[in-house]
Amino acid sequence: MKKHFIKVVLSCAIVVGSFSSCKNSSSSSSKNVSRATGWKINAKEGGFQYNSDFKEQETPPGTVFVEGGTFTKGKVQDDIMHDWNNTPTQQHVQSFYMDETEVTNVMYLEYLDYLKEVYPPENPTYANIYTGALPDTLVWRNRLGFNETMTNNYLRHPAYAEYPVVGVNWVQASQYAEWRTDRVNELMLEREGYLAEDAKYRVVNGEASGTFSTEAYLNNPESVYGGEIDSLQGKQKRDSINTFAKRSSGVIMPEYRLPTETEWEYAAQALVGTREYNNYRGRKKYPWEGDYTRNGQRVGRGDQLANFKQGKGDYGGIAGWSDDGADITAQVKSYKPNDFGLYDMAGNVSEWVADVYRPIVDDEISDFNYYRGNVFMKKAIGEDGKVEILEDKIVYDTLPNGKIVAVNLPGEIKEVPITDQETYLRTNFDQSDNRGYRDGDPGSSRFFSRFNDEEDNRKMYDSPKHKVERDSTGSLIRQYDTSNYRTSLINDEVRVYKGGSWRDRAFWLDPAQRRYLPQYMATDDIGFRCAMSRVGSKSKTNNKTVRHKKAR
């Protein structure tokens with residue numbers, strides 16, 4: 001009996017031991033073995049393909065990293081304009097990337113050159129693509145001032161190559177960011193072997209009939225380059241089963257875009273360089289330390305720290321002394337960067353941001369990545385079940401000032417507003433257009449339109465509605481709004497711009513100051529810079545590892 005018992009125990013031990021061994025082999029720590037199923041990842045035989053070697057997002061061209069955090073948004077000191085449109089609110093911003101300088105003339109000229117080569121304006125089909133992107137050089141003119149030199153030279157002369165581009169309205173700035181997204185991702189795919197090395201130049205040289213669109217590539221790659229992508233693929237096609245890159249490949253970067261107002265203000269304040277209590281609570285007056293516009297350090301003491309208007313008739317100071325180095329705009333990087341490494345976040349030119357303007361900031365509904373301007377869209381699906389690519393049809397929009405701009409470029413995906421089917425029983429949003437959500441207007445209340453037929457007559461933001469269109473001959477037909485019942489200049493097409501410019505007094509250098517302008521208008525003192533969201537960790541440093549080391 002005893003011997004039998006020993007045999008049973010031994011046999012159980014053998015069974016348990018073999019089961020344990022089998023378990024260890026199936027739960028391999030290899031990054032190419034699934035912890036969910038034990039199946040291989042990235043196997044040559046096929047199956048699930050994923051970039052298991054991805055470390056972190058690389059810094060996009062032309063940008064610097066801005067680590068997110070919390071800050072006090074809104075002015076807490078002087079408000080000499082008495083706008084009361086920047087009440088302090090506590091906000092948190094996710095990490096992102098931002099251009100280290102404003103977009104310069106030479107950067108924008110590269111965009112114009114691409115459009116002119118790929119979409120020749122002499123072709124009637126493309127006639128308004130190039131002209132719609134041109135900056136308004138007439139913004140320099142003044143009824144009682146001689147500025148024709150800037151009108152004729154500022155955009156294109158090499159002397160102004162590294163000066164910030166101006167005369168660009170909000171719509172044009174947003175379209176530049178979209179174009180830049182496609183060009184950078186085209187380069188990334190070429191570098192990783194998904195596209196041939198010269199693919200992007202074949203388009204410019206006219207050797208390929210279509211162009212590259214990031215979203216079209218991700219959703220229907222066979223449509224890219226006018227359907228000729230097979231002849232433009234790189235080594236990945238012959239060396240791997242991954243013929244096309246996907247989002248899971250980790251190669252495609254997020255889109256370039258205009259920064260939100262919250263991101264811009266956070267980046268301009270640059271609290272990362274100080275941990276003083278007053279600065280953390282929102283009392284840092286400028287992007288640099290101190291309450292003055294002049295340098296207080298030993299080296300360069302007394303020098304101006306930004307390009308701004310110092311007084312009536314004084315745009316730069318006395319020649320050779322107390323001079324800020326510029327009378328109009330200044331070359332980028334003429335002044336020291338802030339603690340994030342961003343140049344000219346005060347002075348030089350004001351900058352467009354993404355937000356629709358409202359006098360209030362509703363932090364009760366959102367204190368995380370605050371942004372007003374969401375219009376949620378979806379990709380249009382054709383009868384064949386695939387996304388609809390706008391190959392030959394170019395959609396143009398005539399702005400209220402008569403300027404014609406292309407809403408889409410050939411090869412891009414058609415987008416349409418979301419419908420009630422997508423919003424049914426949702427709690428986080430219930431319609432496509434959210435620009436007027438909780439803005440103080442009775443019309444923005446949830447069920448207002450169901451019970452009120454006179455919605456337009458009760459709107460708080462009822463700016464004039466001028467109409468402009470073109471007849472069959474191309475002539476402009478303008479119809480001005482002559483209503484006597486308009487009480488505001490604010491509507492869903494006015495955008496925020498931030499920061500002081502070469503035309504502004506020091507008051508506007510405060511990052512919290514905010515102004516607005518219709519999105520179709522341009523001036524000689526408003527430029528822009530692009531931003532890109534960071535995907536993945538909040539910081540480039542592995543904070544989790546650091547915390548674990550401290551815990552030990």
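This is a predicted model: local features need pLDDT of at least 70, side-chain atom pairs count only at pLDDT 80 or more; totals for chains, interfaces and linings use all residues.
Residues are numbered from 1 along each chain as its sequence is written, and side-chain values use heavy atoms, without hydrogens and water.

Three strands form an open sheet in the order 1-4-17, with antiparallel pairing. Strands are DSSP runs of E of at least two residues, helices are runs of H or I of at least four, and both are numbered from the N terminus. Pairing requires at least two DSSP bridges between two strands. Strand 1 (63–66) and strand 17 (531–533) are the edge strands, each pairing on one side only. Neighbouring strands are turned by 25 degrees against each other on average, direction ignored. Axes are lines fitted to C-alpha atoms, for helices over the stretch in contact; angles run from 0 to 180 degrees between N-to-C directions. Strand 4 (residues 96–99) pairs with strand 17 over three bridges. Here, Tyr97 stands opposite Met532. Helix 9 (residues 261–269) packs on the sheet and touches strand 1, strand 4 and strand 17. Its direction makes about 75 degrees with that of strand 4. Contact means heavy atoms within 4.5 Å.

The largest nonpolar core has 60 residues. Such a core joins buried Ala, Val, Leu, Ile, Met, Phe, Trp, Tyr and Cys residues through side-chain atoms within 4.5 Å; buried means under 20% relative accessible area (1.4 Å probe, protein chains only). Helix 5 gives the most to this core, with nine residues. Phe528 is among the residues with the most contacts inside the core. Beyond its neighbours within four places in sequence, Phe528 contacts residues including Tyr108, Tyr176 and Trp352. A second, separate core of 22 residues includes Phe71, Val93, Ala268 and Phe340.

Note on methods:
Buried means under 20% relative accessible area, exposed over 50%, partly exposed in between (1.4 Å probe, protein chains only).
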